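The sequence and structure come first.

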Protein chains: 2
Amino acid sequence: MLPFDRIEYQNRIKKTKEEMNERGIEVLLISDPANMYYLTGYDAWSFYVHQMLILTIDQDQPIWVGRYMDANGVKATTWLHDQNIIAYPDHYVQSDHDHPMDFIAAFLIQSGQGNRRIGVEMDHYYFSAKAYQSLVRGLPNAQIKDGDLIVNHVRMIKSNQEIEYMKYAAKIAEQSMFRGVEMIRTGVRECDAAATMYYNMISGTKEHGGDYPSIVPLMPSGENTGNPHLTWSDRTYEEGEAAIVELAGCYKRYHSPLARTVSIGKPSRQLQELEPIVLEGIDQVLQTAKPGMTCGEVEAVWRRSIAKYGFHKEARIGYSVGLNYPPDWGEHTASLRQGDQTVLQPNMTFHFIPALWFDQHGIEISESIRVTENGIETLANYPRELIVQDPFPITQHAGMMS
Amino acid sequence: MLPFDRIEYQNRIKKTKEEMNERGIEVLLISDPANMYYLTGYDAWSFYVHQMLILTIDQDQPIWVGRYMDANGVKATTWLHDQNIIAYPDHYVQSDHDHPMDFIAAFLIQSGQGNRRIGVEMDHYYFSAKAYQSLVRGLPNAQIKDGDLIVNHVRMIKSNQEIEYMKYAAKIAEQSMFRGVEMIRTGVRECDAAATMYYNMISGTKEHGGDYPSIVPLMPSGENTGNPHLTWSDRTYEEGEAAIVELAGCYKRYHSPLARTVSIGKPSRQLQELEPIVLEGIDQVLQTAKPGMTCGEVEAVWRRSIAKYGFHKEARIGYSVGLNYPPDWGEHTASLRQGDQTVLQPNMTFHFIPALWFDQHGIEISESIRVTENGIETLANYPRELIVQDPFPITQHAGMMS
């Protein structure tokens, strides 16, 4: 039932403890559900309430503390012993007088950890300012330290099993993109194209069922193609306009994102101009990047390539990707951008997304990539080009049929 | 293009300022994307990076501060003037040396707000411990106060337009449940049932396209039906087992959740015993609850009803629901539970989910409800019963055909 074998989990815990040691942390409180899953297998949509995985430097197994109704889900999905699963009662949930961190602080004191150096994931979504305040107040003899991204850094280099999962996810992304793009035609509602993508993302392939991606398909269209994080509406696509699709396949929480730009009918002058520039820049990076280069050096290859044509991109062109939960599939560690000193190593994985956005148009063509022993491979195999779609209407439900 | 007219937004801002006044807050920093959407219309998947809506007691319009690449999306989806949209450069994003809150603190000082009483949403997902620390450090002359849930409390009583959107969402939930449940048969993979639900959630109805719900379908099955927050896998359903489905329809970010329990073939003895008890408790609540009662009193009706049969439920039986973004569709204000003093008022809306969970089985039958002038109405119209499904296999893709 576990997605990885026990030795892999033990190895992850060992590496996490090494990082804890280096940062002088004896007890790591983990709020990030991806980090919980990484270390224990815990997989449930319970992160909308406060919960913690407690990893102590001198104990073999972490302890999960969370809501009572979720405790059995931890038993069902992890390798933790039952006595390492601790539940707080429901009156702590979204209450104006009880906070789950009061319970967790009391538990830490009771279990003899109250006077130690305790690391917390300071910038994680699921560790709020109030959670921090409650912990600090509840643990007056502890030294609370920043333990942000400790596990995330361990996650950066994937095992072969993780790469395999990301390749299954890439197959799902290909299929979802292919069937979704088929729906991007004159007169089709954006929501129907999105529904088709979703059907294929979640159903997955015959061999590998899909999991929910941490970000919904991003689908700006028409004059909004310069606004990358818009989703969809029930407006209908029109002939002559462009649409961007950024989506991911997901398998057992591992993502392979993929972005393409579609023109419904003849591409605009701007897209015709941009396509070869972007493709040349992507090719340059894919041919040049290899272990030993820094993320900053990778970005420079792209920057020099588009500068020849007078373009400059403000944002980073990629980020470490893999395992995650909403609201992000990026790992918040390395970014492909100026000044990032992270050195590429085999089995690092990135979403390489050198998009160009302007006030009223934009182009996105991306690849999820893996650093190999001597270069780069893309995880998906999908035509890398501006997609020019037949503008004519199709039957509404054609896209999801196999 | 805006989902509500300008007068409704102005009314919301007025009510928010009244709450700010009562809590002694001059400047409210809003991290919650639902609150941003509620006040301005801003709708994009950009909340995975730090951003803020700044509402100042003596200014008409709020100011949005966020990532450069998202600024045009704010222009496209809100009623804010361009000069109220402020962008920070990309090197602040997920960086180990720059934090967006440094930028936002500097902006507040520069715009003359640095020495005021500033409220922050202390327990919101998207206001991390580090964001709080950075703000406090960057605003040494401000008084930082807890401004949690101020807008959420304004959101509790819906306008007629909001109720209309929730009713469209309820139609979508009905359709998604109906077609999803059709797929819950022997030999069908859970992911294929989930894909069918998703197709129908996102496509929506002919008149009203679907939006993404803030929680994915929760679908524990078999021995896991006591674990409410598990999602799906690629295992196949087996004859004789039960499956729970909790999902929501979503229209323009407004949710109507709905849960049902399915038995594939003859229901177990436990489910046969539980069904009438749960249905009686639900009926009691729906017939009794009305404006003027407290949420605690509503819960007591349920508690007394199931106590007659020797049952007791640990968790709350519902919560305020409506507008939201991942990871929760609940509003984090009122809960239907012992001791909650919130008084029911017309156009409050709740997800009423009096589920019963045990170690290896459980039953969920829920309704999204609206408080009317003199009682309760359900938003969806879906048979309220344990669903007994023909155990035999069906053609894989039948569920999504219309």
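## Interface between the chains

Polar contacts join 54 residue pairs between chain A and chain B, both residues being at pLDDT 80 or more. The model is a predicted one.

On the side of chain A that touches chain B, two or more residues come from each of α3 (71-77), α5 (129-138), α8 (190-203) and β10 (330-335) of chain A. The largest share, nine residues, belongs to α8(A).

## Extent of the contact

Chain A gives 81 residues to the contact and chain B gives 81 residues. About 6800 Å² is buried between chain A and chain B, with 55% of that area from carbon and sulfur atoms. Of the area that chain A buries against chain B, 11% is supplied by Trp45(A), Tyr199(A) and His229(A), more than by any other three residues.

## Relation of the copies

## A sheet in chain B

Five strands of chain B form an open sheet in the order β10-β9-β11-β14-β15, with antiparallel pairing. At its edges stand β10 (330-335) and β15 (376-378) of chain B; each has a single partner strand, so one side of each lacks a neighbour in the sheet. From one strand to the next the twist averages 40°.

Helix α9 (residues 269-288) of chain B packs on this sheet and touches β11 (349-352), β14 and β15 of chain B. The direction of α9(B) makes about 165° with that of β11(B). Strand β14 (residues 367-371) of chain B is joined to the antiparallel β15(B) by three bridges, and Ile369(B) stands opposite Thr378(B) in β15(B).

Conventions:
Residues numbered from 1 in each chain as written. Chains lettered and ligands numbered in written order. Predicted model: local features only at pLDDT ≥ 70, side-chain atom pairs only at ≥ 80, totals over all residues. Heavy atoms only, no water. Pairing = 2+ DSSP bridges. Helix = DSSP H or I, 4+ residues; strand = E, 2+ residues; numbered from the N terminus. Axes fitted to C-alpha atoms, helices over the stretch in contact; angles between N-to-C directions. Contact = heavy atoms within 4.5 Å. Buried area = accessible area lost by both parts, 1.4 Å probe. Polar contact = N/O pair within 3.5 Å; in protein donor to acceptor, adjacent residues only side chain to side chain.
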